[in-house]
Amino acid sequence: RTYEPLPYPQEERSSGFVKYERSDWSGRTRRALVLGDSLVLGVGCDKAPVLSESLVRAVSVGLKSHVAWRSFGIDGGDCRMIHNFVLGGDVVLPDAASADGSDEAAQRSGKHL
């Protein structure tokens with residue numbers, strides 16, 4: 001069986017704004033940062049980033065406020081890699097070329113940093 005990587009989303013949007021449109025708006029705008037792996041990138045989805053948008057919409061409703069958000073994800077990343085990136089350490093990407101045998105996959109992984 002051969003590994004076939006999931007497609008990257010067509011949109012590479014990593015930020016957005018959710019406007020709370022109910023009458024009980026708190027009058028505040030919150031900020032959110034979503035960090036993670038391929039789920040945050042939206043790998044395998046047609047539209048990006050599904051997880052970040054869904055999470056922020058729930059936060060908007062729960063806090064009754066607008067939410068400005070940004071997301072960052074590393075395809076194949078783990079907590080150590082994300083921690084190193086956020087704190088300025090060296091980030092070693094997983095060897096995507098060995099997963100499916102293509103140099104294109106390795107370049108894709110580094111592109112999202």
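## Close-up views of a predicted model

**View 1. A nonpolar patch draws on a strand and a helix.** β2 (29-36) and α3 (79-86) each supply at least two residues of the nonpolar patch. This is a predicted model, in which local features need pLDDT of at least 70 and side-chain atom pairs count only at pLDDT 80 or more, while totals for chains, interfaces and linings use all residues. Residues are numbered from 1 along each chain as its sequence is written, and side-chain values use heavy atoms, leaving out hydrogens and water. Helices (H or I, at least four residues) and strands (E, at least two) are DSSP runs, numbered from the N terminus. Leu33, Leu35, Phe85, Val86 and Leu87 make up the patch, which covers about 480 Å² of surface. Patches consist of residues with over 30% relative accessible area and no salt bridge; nonpolar side chains (Val, Leu, Ile, Met, Phe, Trp, Tyr) are joined within 5 Å, and like charges within 9 Å. Look for Phe85 in helix α3: at 33% relative accessibility, Phe85 counts as partly exposed. Here buried means under 20% relative accessible area, exposed means over 50%, and partly exposed lies in between (1.4 Å probe, protein chains only).

**View 2. Now to the whole fold.** The protein has 5 helices and 3 strands, and along the sequence they follow the pattern β-β-α-α-β-α-α-α. Of its 113 residues, 28% count as buried. The protein exposes about 7500 Å², and carbon and sulfur atoms supply 51% of that area. Accessible areas come from the Shrake-Rupley method with a 1.4 Å probe; for residues, only the protein chains shown count as cover. Among contacts between residues at least 6 apart in sequence, 72% join residues at least 24 apart. Contact means heavy atoms within 4.5 Å.

**View 3. Three strands form an open sheet.** In what order do the 3 strands of the open sheet stand? The order is β1-β3-β2, with mixed pairing. β1 (15-18) and β2 stand at the edges with a single partner strand each, so one side of each has no neighbour in the sheet. Neighbouring strands are turned by 20 degrees against each other on average, direction ignored. Two strands pair if DSSP finds at least two bridges between them. β2 and β3 (residues 66-73) run parallel and are joined by 8 bridges, and Thr29 stands opposite His66 in β3. β1 and β3 run antiparallel, joined by 4 bridges. Strands of a sheet pair through backbone hydrogen bonds, either parallel or antiparallel. Of the 8 residues of β3, 6 are buried, so this strand is largely enclosed by the rest of the structure.

**View 4. A helix packs on the sheet.** Helix α2 (residues 50-63) packs on the sheet and touches β1, β2 and β3. The direction of α2 makes about 150 degrees with that of β3. Axes are lines fitted to C-alpha atoms, for helices over the stretch in contact, and angles run from 0 to 180 degrees between N-to-C directions. Is Ser52, at 0% relative accessibility, buried or exposed? Ser52 counts as buried, and its place is in helix α2. Leaving aside neighbours within four places in sequence, Ser52 is in contact with Val34, Val40, Trp69 and Ser71.

**View 5. Follow Gly16 in strand β1.** Gly16 lies in β1 and is partly exposed, with a relative accessible area of 22%. The bridge partner of Gly16 in β3 is Trp69. Not counting residues up to four places away in sequence, Gly16 touches Val67, Ala68 and Trp69. The C-alpha atoms of Gly16 and Ser52 are separated by 9.4 Å, and these residues are 36 apart along the chain.

**View 6. Here are the salt bridges.** How many salt bridges does the structure hold? There are 2 salt bridges, each a side-chain nitrogen of Lys or Arg within 4 Å of a carboxyl oxygen of Asp or Glu. Lys64 pairs with Asp24, with their closest N and O atoms 3.7 Å apart. This pair links distant parts of the chain: Lys64 is in the loop between α2 and β3, Asp24 is in the loop between β1 and β2, and they are 40 residues apart. Lys64 counts as partly exposed at 36% relative accessibility, and Asp24 counts as partly exposed at 37%. Lys64 also has a positive phi of about 55 degrees although it is not a glycine. In the other salt bridge, the side chains of Asp78 and Arg80 meet at 3.3 Å, N to O. Asp78 counts as partly exposed at 32% relative accessibility, whereas Arg80 counts as exposed at 52%.
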